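Please look over the sequence and the structure below before reading on.

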Amino acid sequence: TPSAVQKIKELLKDKPDHVGVKVGVRTRGCNGLSYTLEYTKSKGDSDEEVVQDGVRVFIEKKAQLTLLGTEMDYVEDKLSSEFVFNNPNIKGT
């Protein structure tokens, strides 16, 4: 979303040696997955690259099928600010 693009641009502004962010998934709890987000200095050999309005997002190979069709947003309210992944393939959270 435009909000996520703007936030990533802000975060990378002070990190000239990083080219974008990398999204992955990790096993969490009994049967769930959680998303990971980290700065990256280069594209991995098996990463999928998505460029949106000048922002580069790399998706780890093992996360690509899980994230297919997912929208990444950035949401702020009075108590928190966070990246939110709106995944139409998830059956529960």
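A residue counts as buried when its relative accessible area is under 20%, as exposed when that area is over 50%, and as partly exposed in between. By this rule Glu10, at 39% relative accessibility, is partly exposed. The model is predicted. The protein chain averages a pLDDT of 90, and 94% of its residues score at least 70. Among the elements of the protein chain, β4 has the highest mean pLDDT, 96, whereas helix α2 (residues 64–67) has the lowest, 87.

Start with the sheet. Four strands make up an open sheet with mixed pairing, in the order β2-β1-β4-β3. Its edges are β2 (32–40) and β3 (48–52), each of which pairs on one side only. On average, neighbouring strands of this sheet are turned by 25° against each other, direction ignored. Helix α1 (residues 2–13) packs on the sheet and touches β1, β2, β3 and β4, and its direction makes about 95° with that of β4. Strand β1 (residues 20–28) is paired in the parallel sense with strand β4 (residues 55–59) over 3 bridges. Lys22 stands opposite Phe58 in β4.

Two further strands, β5 (residues 71–76) and β6 (residues 81–86), run antiparallel and are joined by 6 bridges. They form a hairpin with 4 residues between them. Tyr74 stands opposite Phe83 in β6.

Which residues have the most contacts inside the largest nonpolar core? They are Ile8, Val57, Met72 and Phe83, in a core of 16 residues. Elements giving two or more residues to this core are α1, β1, β4, β5 and β6, and α1 gives the most, with 4 residues. Leaving aside neighbours within four places in sequence, Ile8 is in contact with Val21, Val55, Val57, Met72 and Phe83.

The loop between β3 and β4 holds Asp53 and also Gly54. Most residues other than glycine have a negative phi. Asp53 is not a glycine, yet its phi is positive, about 50°. Gly54 has 67% relative accessibility and therefore counts as exposed. Gly54 and Gly20 are 34 residues apart in sequence, with their C-alpha atoms 9.8 Å apart in space.

Leaving aside neighbours within four places in sequence, Glu60 is in contact with Lys22, Val23, Gly24, Val25, Arg26, Glu38 and Asp47.

The whole structure has 5 salt bridges. In one of them the side chains of Lys22 and Asp47 meet at 2.9 Å, N to O. This pair links distant parts of the chain, with Lys22 in strand β1 and Asp47 in the loop between β2 and β3, 25 residues apart. Lys22 and Asp47 are both buried.

Glu10 forms a salt bridge with Lys7, where the closest N and O atoms are 3.7 Å apart. Because Glu10 and Lys7 are 3 residues apart in helix α1, about one helical turn separates them. Arg56 forms a salt bridge with Glu49, with the closest N and O atoms 2.6 Å apart. Arg56 has a relative accessible area of 30% and so is partly exposed. Glu49, with a relative accessible area of 29%, is partly exposed.

Methods: Residues are numbered from 1 along each chain as its sequence is written. This is a predicted model: local features need pLDDT of at least 70, side-chain atom pairs count only at pLDDT 80 or more; totals for chains, interfaces and linings use all residues. Side-chain values use heavy atoms; hydrogens and water are left out. Two strands pair if DSSP finds at least two bridges between them. Axes are lines fitted to C-alpha atoms, for helices over the stretch in contact, and angles run from 0 to 180 degrees between N-to-C directions. Contact means heavy atoms within 4.5 Å. pLDDT is the predictor's confidence in each residue, from 0 to 100. A nonpolar core is a set of buried Ala, Val, Leu, Ile, Met, Phe, Trp, Tyr and Cys residues joined through side-chain atoms within 4.5 Å. Buried means under 20% relative accessible area, exposed over 50%, partly exposed in between (1.4 Å probe, protein chains only). A salt bridge is a side-chain nitrogen of Lys or Arg within 4 Å of a carboxyl oxygen of Asp or Glu.
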